[in-house]
Amino acid sequence: MFIPAFVTGCIFLSAGIFMVIKGRKKTKLLEKYEQENRSSDGTIQFDNIELSRTHGANKNLYRVIVAMGFSTGLFGVILIGYGVNLFTYFTG
């Protein structure tokens, strides 16, 4: 067992899980705002154009955070696998 890789993998996996959870929570809040401020024709109402741009930017930011969290978590799982010698092949 390769302890440094295992510990580093656990840290990366924890960070990835945290990023995904945090990004999903923030995305749900933005979706809730959209549902509460939707007009009868289906458009979302904002007080001014600046709030509209901020809302769109935040929505894209949280999508990127979720994607990066997933990638970070996947990298952590790979490191954990390396730490427990999962990728070692026996040749005879």
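Predicted model: local features only at pLDDT ≥ 70, side-chain atom pairs only at ≥ 80, totals over all residues.
Me: Near what value is phi of Asn-85?

Reply: Most residues other than glycine have a negative phi. Asn-85 is partly exposed, with a relative accessible area of 41%, where buried means under 20%, exposed over 50% and partly exposed in between, for a 1.4 Å probe and protein chains only. Although Asn-85 is not glycine, its phi is positive, near 60°.

Me: What is the radius of gyration of the protein?

Reply: The protein has two helices and zero strands. The radius of gyration, taken over C-alpha atoms, is compared with a globule rule of 2.2 Å times the number of residues to the power 0.38. That rule gives 12 Å for 92 residues, and the protein is more spread out than a compact globule because its value is well over this, at 20 Å.

Me: How far apart are the end C-alpha atoms of α1?

Reply: The expected span of a helix is 1.5 Å times one less than its number of residues. Helix α1 covers residues 3–36, so its 34 residues should span 50 Å. The distance between its end C-alpha atoms agrees with this, at 50 Å.

Me: Which helix do the buried residues of α1 pack against?

Reply: The buried residues of α1 are Ala-5, Gly-9, Gly-16, Gly-23, Thr-27, Leu-30 and Glu-34. Thr-27, for one, has a relative accessible area of 9%. Contact means heavy atoms within 4.5 Å, and the buried residues of α1 pack against α2 (49–83).

Me: Which residues does Gly-69 touch, not counting those up to four places away in sequence?

Reply: Gly-69 lies in helix α2 and counts as buried at 1% relative accessibility. What covers the buried residues of α2 includes α1. With residues up to four places away left out, Gly-69 touches Gly-16, Met-19 and Val-20.

Me: What separates the C-alpha atoms of Thr-27 and Leu-79?

Reply: Thr-27 is placed in helix α1, and Leu-79 is among the buried residues of α2. The two are 52 residues apart along the chain, and their C-alpha atoms are separated by 29 Å.

Me: Which residues is Phe-46 in contact with, leaving aside neighbours within four places in sequence?

Reply: Phe-46 is placed in the loop between α1 and α2, and Phe-46 is partly exposed, with a relative accessible area of 22%. Its C-alpha atom is 9.6 Å from that of Glu-34, twelve residues away along the chain. Beyond neighbours within four places, Phe-46 is in contact with Tyr-33, Leu-51, Ser-52 and His-55.

Me: What share of contacts with a separation of 6 or more comes from residues 24 or more positions apart?

Reply: Buried residues make up 18% of the 92 residues in the protein. Among contacts with a separation of 6 or more, residues 24 or more positions apart account for 78%.

Conventions: Residues numbered from 1 in each chain as written. Heavy atoms only, no water. Helix = DSSP H or I, 4+ residues; strand = E, 2+ residues; numbered from the N terminus.
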